Each structure stands twice: as C-alpha cells, then as structure tokens.
Amino acid sequence: MTSPSPSEDNSSQSQRKPLPELRRRIGSAVFLAALTLGALVLSPWTFLVLVIASAMVLTWEWGSATRATGGDATSIIHIACATAVVIFVAVHKYEYAAIIFAAAMVTLLVSGYQKKTPKKAKLDAGGLAYVVLPAAALIWLRSDPNHGLTAILFVLVVSWTTDTASYVGGRTFGGPKFAPTISPKKTWSGFVIGTATPMLVGVLFAYYLGNSSPVALALVALVLAFACQMGDLLESAVKRSLGIKDMSQLIPGHGGFFDRIDSLLMAAVVAALIALRNPEFPAAGLLIW
C-alpha cells in the first residue's frame, strides 16, 4: 500500500540524496508495491492479512512516536481492535466492528483522563482512529464480490498518481508554498498538478469498466486526490506537533510506513464514504455512475 514515488514534500531532499540512497528508495517502493498488488490480486483474505500486518506496523510507529514505545498496553489495545474490526468487516458483521471500535475509543479516552493525561488520551484515541478507519474502509471495499479488486486498484492508482504528479509538478514548476507552516516544501504547483492529474485515472477506469461515466469517475478521482493531499498535510502536521522528521526509519530511504502511505490513509476513508451510496455493493458505489 505504498507509493512508488516520493512525495513532493521530500523533493528537495531527494535532489540532494546520494545515488545509493535514491536506489534504496526506489527499491523499497517497488518491493512494497509488488507485495501490495500480489496480496490484493491473490484473494480478499491475503489482502486482509496484509492490512492487519500493516495496521500492526502503523500501531508500532504511532506508539514509538507519541509514547516512546510501540509495545505497551495501548499498543495491544490498538492491534487487538484493528484486527477484530477488519475481520468483522470482512465477514459483514458491521455492528460488532462498530461496538469494538467504540469500546476501544472509550477505554483509551477514559483511561487517559482518569490518569489526568488528556493529551495522551487524545493521541491514543486519535492514533486508533488513524489506523483502524482506513483499514476497515479498504477491507469493506475489497469485500465487494464484483468490483472489490478494481475499487482497491483505483484507490491505489489515484494515490500513487497524486504523489508522483505532486512530486514532478512541484519539482518542475516550483513557485509559492502551499502550507509553509505545516509542510514547508509543498508548493501550489505541485498541489494543483497532483490533484488534477488523477482525473485521467478516473477516465481510464471508466473506459475499462465500460458501464460507468468517465466524467463522474474523473470527479471521484479528483475528490480522492484532494483527500490524498489532505492526508499528506495531516501527517506533516502530526509530525510537526511531535517535533519529529519521520515516524520511524523502518523503510530504507523513506522513513516510516506512515510517511509512505499518508495519502492513502485519508483517500481510503473518503472512498468508503462515497461508496455508502451503495452499501450492499460498496465498490460499485465508488466506481459505477
């Protein structure tokens, strides 16, 4: 679930990176993209395993960044909740998934406030939502027996295209900064090009599907691309508030797993919200217009 290209926010750093480090970045991205596509195409269950494993990694990174440990009781609650929620979503027991998620959120908030650590409580609950909601959204879309695979591919390609176009656009044209206090290297040119280019992805998927409107699906891609940009900014804002550069050093040449899929996390949630127009077949709700 990772982009094959660096985000625009890292463009200047990439220009200064020595060749071996760039090779590590490209190699890591290609490996993770191949792993994601393989698990996705093989079956919904292999994709479920991949999502659970990814949630565990994200939980560890969140705990390490916010609590200086990714292996405490809060991490256990996060992992147990994420695992249970995505499994219940996969078998269409949505009420159980909702109850478990709500119970975990309440537990983290009440525990934190009882210990008079409200900031920790908010970070613990926010981290849970940050990981669980995108994971559940992806599993829900993939569970559609007719278009689930295509829907996840659509979200992934839009996310990757947004990252790549933002990087190329910002590096080529430069110009005014988009959000200098949050992400100092992000430019308006990269933002506009990165948000608009995925509309082509929408058109291509509409022609591939054969029964969807190219204009409508292009607009869906535009909305998802905007969500990707907001996801990127959200993660930058979190890191800035924590005073860190990367969420971890897990991925050679990239930093943390959060750093590689920040745009996908937000896009997945927005895609699921769009898919609510057809809750029985969510992938069709996202793709067929």
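The lining of the largest pocket holds 15 nonpolar residues, no polar ones and no charged ones. Start the tour there. Keep in mind that this is a predicted model.

**Stop 1: the largest pocket**

The volume of this pocket is about 400 Å³. Select Val89, Ala136, Ala137, Trp140 and Ala272. Of the 15 lining residues, these are the closest to the pocket's centre. Now colour the helices around them. At least two lining residues come from each of α4 (73–90), α5 (94–114), α6 (118–142) and α11 (257–275). Which helix gives the largest share of the lining? Helix α6 does, with five residues.

**Stop 2: the nonpolar core**

Stay with α6 for a moment. The largest nonpolar core has 72 residues. Its largest share, 13 residues, comes from α6. Next, select Phe154, Leu224 and Leu286. These three touch the most other members of the core. In soluble globular proteins, nonpolar side chains tend to be buried together.

Zoom in on Leu224. What does Leu224 touch, leaving out residues up to four places away in sequence? Phe154, Val155 and Val158 are among its contacts.

**Stop 3: helix α10**

Select residues 214–242, which form helix α10. Step just past the helix to Gly243. Gly243 takes a positive phi of about 75°.

**Stop 4: Ser212**

Go back to the loop between α9 (199–209) and α10, where Ser212 lies. Is Ser212 buried or exposed? Its relative accessibility is 10%, so Ser212 counts as buried. Show its contacts, leaving out residues up to four places away in sequence. Ser212 touches Ala206 and Leu217, and also Leu287, Ile288 and Trp289.

**Stop 5: two loops with positive phi**

Most residues other than glycine have a negative phi. Here are two with a positive value. Select Ala68, in the loop between α3 (44–67) and α4. Its phi is near 65°. Ala68 is exposed, because its relative accessible area is 70%, over the 50% cut-off.

Next, select His92, in the loop between α4 and α5. The phi of His92 is also positive, near 65°. His92 has a relative accessible area of 43%, so this residue is partly exposed.

**Stop 6: Thr74 in α4**

Thr74 is found in helix α4. With a relative accessible area of 8%, Thr74 is buried, because the cut-off is under 20%. Which residues does Thr74 contact, leaving aside neighbours within four places in sequence? The contacts are Arg67, Leu108, Lys120 and Asp124.

**Stop 7: helix α8**

Finish at residues 188–196, which make up α8. Select Ser189, Gly190, Phe191, Gly194 and Thr195, which are buried. What covers the buried residues of α8? The cover includes the helices α7 (148–173) and α10, along with the strands β1 (177–179) and β2 (183–187).

Technical notes: Residues are numbered from 1 along each chain as its sequence is written. This is a predicted model: local features need pLDDT of at least 70, side-chain atom pairs count only at pLDDT 80 or more; totals for chains, interfaces and linings use all residues. Side-chain values use heavy atoms; hydrogens and water are left out. On a 1 Å grid over the protein atoms alone, a cavity is a set of points where a 1.4 Å probe fits but cannot get out, and a pocket is an open set with protein on both sides within 12 Å along at least five of seven lines; lining residues have an atom within 4 Å of a point. Grid points are joined across faces, edges and corners, and a volume is the space filled by probe spheres set on the points. Helices (H or I, at least four residues) and strands (E, at least two) are DSSP runs, numbered from the N terminus. Ala, Val, Leu, Ile, Met, Phe, Trp, Tyr, Cys and Pro count as nonpolar, Asp, Glu, Lys and Arg as charged, and the others, Gly among them, as polar. The expected span of a helix is 1.5 Å times one less than its number of residues. A nonpolar core is a set of buried Ala, Val, Leu, Ile, Met, Phe, Trp, Tyr and Cys residues joined through side-chain atoms within 4.5 Å. Buried means under 20% relative accessible area, exposed over 50%, partly exposed in between (1.4 Å probe, protein chains only). Contact means heavy atoms within 4.5 Å.
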